[in-house]
Amino acid sequence: LGFLVLSVLVPVGLAQAQAPEQPDLQRAESLVRSGKAEEAWKLLSPHEFELAGREDFDYLLGVAALDSGRAGRATLVFERVLAVNPDHAAARLDMARAYFALGDFQRSRGEFEQVLQHEDTPPAARQTIERYLAAIEARAPSRGTRLTGYAEASIGRDSNVNSATSTSSIFVPLFNTNFTLGSSSVKAADHFASLGGGAELTHVLSGGFSLFAGVDLKQRSHRDWDVYDSRSVDYRGGFQAVHDKDTFRLTVGRNDYDLDNTKYRRIGSLGMELRHAVDVKTQVIGFAQVSEIKYLQDSTASYGSAQTLAGLGLIRSLEGSGNPIVFGSVYAGDDIATRNRGDGDRDIFGLRGGYQRSLRDDLDFHATLSMQYSGYKRFNPLFQEYRKETQYDLGLGLNWRFQKDWQLKPQLTYTRSDSNFQVYDYDRYELSLTLRKDFR
């Protein structure tokens with residue numbers, strides 16, 4: 001009898017001694033909020049067996065699973081939360097995010113729309129949902145044909161309409177003397193106005209495939225320097241395929257650029273892009289493009305080239321108010337001279353980064369910064385060296401959605417071209433205000 005009692009009590013005592021400690025839910029919540037979802041998952045997941053069904057634990061576990069890239073597991077956990085509390089709006093919102101990450105856009109849309117039906121849904125949450133619904137519409141629109149378009153008008157000032165150096169003379173080493181530049185080769189400022197518009201036709205097929213074709217037109221006029229008035233027309237067409245977390249897009253394009261009512265340049269291009277959703281907050285992008293560039297005037301025909309670029313990019317949503325997003329990319333390629341360009345072929349390397357966030361429900365801020373290096377391969381006898389340039393571009397802007405489908409966009413851009421050839425060394429800023437109307 002004593003052995004039997006001992007055999008019962010000992011295992012019970014060992015079980016009590018070895019019972020796992022309760023997880024620190026406050027710490028787990030802090031880890032999730034600070035972007036350390038993987039650590040939160042490792043803290044909570046060992047306790048799932050004994051705590052499953054407890055609403056506060058399951059919700060934190062589901063968010064940790066979703067934000068650490070375990071969207072499939074997250075849907076199962078959020079189902080437990082909603083089974084206990086069908087009115088748990090946060091769990092339903094995160095369930096919708098999980099379905100989005102899995103590429104199940106139909107169920108994702110349904111969950112988002114349920115949250116929107118609640119009158120007490122905060123404005124910030126409504127804005128987030130609208131963005132997800134727009135992304136769903138872009139990635140998986142209803143089957144059929146859809147036409148969208150826009151029209152816009154801008155005014156502004158350009159400090160350097162001809163992208164020229166600010167000095168009136170340059171030193172040419174071959175002749176060991178200074179040459180005076182003509183007025184068209186020296187920096188000139190002017191006010192401008194522009195009109196633009198575009199349209200895109202999308203036809204959705206079965207299996208996540210869609211076809212698209214579009215055109216964009218922009219006409220820009222200057223107050224004083226009308227020789228720099230320009231017209232640009234972009235044509236594009238291609239197809240898109242969406243499968244699970246991946247989106248592939250193939251685009252054939254053409255750009256017609258006219259200067260002073262004269263045909264100036266034509267560009268034909270073929271581009272490919274692959275986007276992979278690592279999790280609901282992170283996308284990785286791979287892209288490549290080949291272009292044929294032709295200049296149609298005798299004075300610039302030698303600038304023609306065949307260009308190849310490829311790169312990688314990243315888009316990441318951050319924690320915090322205003323739904324902040326950061327993005328960046330790196331690319332490299334070459335530009336082969338096809339018409340005996342004086343400086344020959346060139347190597348290209350570039351970086352680009354940006355940040356955007358909502359300042360309020362109808363107002364967004366965005367900033368971009370980019371750098372591109374060009375190294376030319378042919379020795380230039382006039383300047384007695386190889387041409388090298390680094391161009392920096394900074395953009396700052398606001399987007400005010402003052403009415404449905406109407407936007408007002410003030411923007412400042414700054415360009416700095418740092419070249420070892422003085423004739424290509426310049427800076428430029430442009431301040432503009434654009435009014436845009438979208439047609440959906």
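What is the handedness of the crossing of H3 and H5? Please keep in mind that this is a predicted model. The crossing of H3 and H5 is left-handed, and the points below start from there.

1. **H3 against H5.** The axes of these two helices lie 8 Å apart, and the packing angle is about 135°. An angle over 145 degrees would count as roughly antiparallel, so H3 and H5 are oblique to each other. On the H3 side, Ala37, Ala40, Trp41 and Leu44 make the contact, and H5 answers with Phe57, Leu60, Leu61, Ala64, Ala65 and Asp67. By class, the residues of this contact of H3 with H5 comprise 9 nonpolar, no polar and 1 charged.

2. **H2 against H3.** Here the packing angle is about 155°, with the axes 7 Å apart, which makes H2 roughly antiparallel to H3. The crossing of H2 and H3 is left-handed. From H2, the residues Leu25, Arg27, Ala28, Leu31 and Val32 meet Ala37, Glu39, Ala40, Leu43 and Leu44 in H3. The contact of H2 with H3 divides into 8 nonpolar residues, no polar ones and 2 charged.

3. **The largest nonpolar core.** This core has 26 residues, and the members that touch the most others are Leu44, Phe57, Leu61, Leu66, Ala74 and Phe78. At least two residues of the core come from each of H2 (25-33), H3 (37-44), H5 (55-67), H6 (71-84) and H7 (89-102). H5 gives the largest share, 7 residues.

4. If neighbours within four places in sequence are set aside, Phe78 is in contact with Tyr59, Gly62, Val63, Leu66, Ala91, Asp94 and Met95.

5. **Ala125.** You will find Ala125 in helix H9, which covers residues 123-139. Is Ala125 buried or exposed? Buried means under 20% relative accessible area, and Ala125 has 17%, so Ala125 is buried. Along the chain, Ala125 and Gly207 are 82 residues apart, and their C-alpha atoms are separated by 31 Å.

Note on methods
Residues numbered from 1 in each chain as written. Predicted model: local features only at pLDDT ≥ 70, side-chain atom pairs only at ≥ 80, totals over all residues. Heavy atoms only, no water. Core = buried A, V, L, I, M, F, W, Y, C linked by side-chain atoms within 4.5 Å. Buried < 20%, exposed > 50% of the residue type's maximum accessible area, 1.4 Å probe, protein only. Helix = DSSP H or I, 4+ residues; strand = E, 2+ residues; numbered from the N terminus. Contact = heavy atoms within 4.5 Å. Axes fitted to C-alpha atoms, helices over the stretch in contact; angles between N-to-C directions. Parallel < 35°, antiparallel > 145°, perpendicular 65-115°, else oblique. Left-handed = near helix turned anticlockwise from the far one by under 90°. Nonpolar A, V, L, I, M, F, W, Y, C, P; charged D, E, K, R; others polar.
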